[in-house]
Amino acid sequence: MRRLANILVLIVAVGVLYGMQQTKPRFGELTAPIPVYGKMHDKLHTREFDVTLDQVVFARQLDFTQYGQKKTLTTSGLWVIVTAQLAATTSSTSIAAATWLGPTGLKFAVSNRIGGAPGMPPHLLAPGLPKKVRFIFETMPDQVNGATLVLSGKVEPALDSEARISIDDLKTFNDGQPLVVDSYDPLRSLTGT
């Protein structure tokens with residue numbers, strides 16, 4: 001009888017341990033970024049920076065002059081040009097990561113095809129000195145409606161806040177597709193956008 005009770009206690013203990021193992025949060029969940037959600041034109045406050053997403057433009061190609069040479073950049077999808085207002089909260093910081101998160105979960109990093117042009121990442125911020133900036137992505141047309149812009153002060157923002165801005169104020173055609181311009185100059189002045 002005692003042997004049967006020991007086996008029964010062992011089975012219950014294994015069951016409890018297995019249940020605890022399956023329901024406990026994983027390390028990635030425990031150290032995941034802390035999202036701050038908002039919409040376009042809203043001012044979002046994260047721990048290190050404030051952000052207001054002003055404008056999103058979609059283009060088929062980028063035309064600009066850099067170092068005296070005219071350049072045209074094309075893509076098989078769409079160029080996404082995001083204009084935002086950034087400001088550091090309490091100490092100098094930078095925006096190290098920007099991601100265009102499509103409605104299906106596809107992630108698109110900032111395009112580095114333009115190079116180190118003015119107004120392009122990385123964006124260094126100082127308290128009391130707001131800054132208007134651009135982020136440029138290459139994405140697919142089906143990853144536009146319902147997308148989210150994710151901004152973070154760190155590439156891996158473990159245990160830190162990140163801004164998640166829903167792209168909800170787009171100029172669209174009657175069929176719901178976004179308005180796409182044929183050409184856009186990403187280096188034009190940020191004050192007039």
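**Aromatic rings and the sheet beside them**

Author: Two aromatic pairs are counted, where the rings of Phe, Tyr and Trp (for Trp, the six-membered ring) pair if their centres lie within 6.5 Å, with planes under 30 degrees apart called stacked, over 60 edge-to-face and the rest tilted. In one of them, the ring centres of Phe58 and Trp100 are 6.3 Å apart and the planes stand at 85°, so this pair is edge-to-face. The model is a predicted one, in which local features need pLDDT of at least 70 and side-chain atom pairs count only at pLDDT 80 or more, while totals for chains, interfaces and linings use all residues. Residues are numbered from 1 along each chain as its sequence is written, and side-chain values use heavy atoms, with hydrogens and water left out.

Phe58 belongs to strand 3 (residues 49–66) and Trp100 to strand 6, so their contact ties together parts that are 42 residues apart in sequence. Strands here are DSSP runs of E of at least two residues, and helices are runs of H or I of at least four, both numbered from the N terminus. Phe58 has 2% relative accessibility and therefore counts as buried; buried means under 20% relative accessible area, exposed over 50%, and partly exposed in between, with a 1.4 Å probe and protein chains only. Trp100 is likewise buried, at a relative accessible area of 0%.

The other pair also involves Trp100: its ring centre is 6.0 Å from that of Phe137 and the planes are at 45°, so the pair is tilted. Phe137 lies in strand 9 (residues 131–139), so this contact with strand 6 links parts that are 37 residues apart in sequence. Phe137 is buried as well, with a relative accessible area of 0%.

Strand 6 spans residues 97–101, and four of its five residues are buried, so it is largely enclosed by the rest of the structure. Five bridges join strand 6 to strand 10 (residues 148–152) in an antiparallel arrangement; two strands are said to pair if DSSP finds at least two bridges between them. Within this pairing, Ala98 stands opposite Leu151. Strand 6 is also antiparallel to strand 7 (residues 107–109), with three bridges between them, and there Thr99 faces Ala109. The hairpin of strand 6 and strand 7 has five residues between the strands, and Gly105 takes a positive phi near 100° in that hairpin.

On its other pairing, strand 10 runs antiparallel to strand 11 (residues 161–166) over five bridges, where Leu151 has Ala163 as its bridge partner. These strands belong to an open sheet of five strands, ordered 1-11-10-6-7 with mixed pairing. Strand 1 (34–39) and strand 7 stand at the edges with a single partner strand each, so one side of each lacks a neighbour in the sheet. Neighbouring strands of this sheet are turned by 25° against each other on average, direction ignored; axes are lines fitted to C-alpha atoms, for helices over the stretch in contact, and angles run from 0 to 180 degrees between N-to-C directions.
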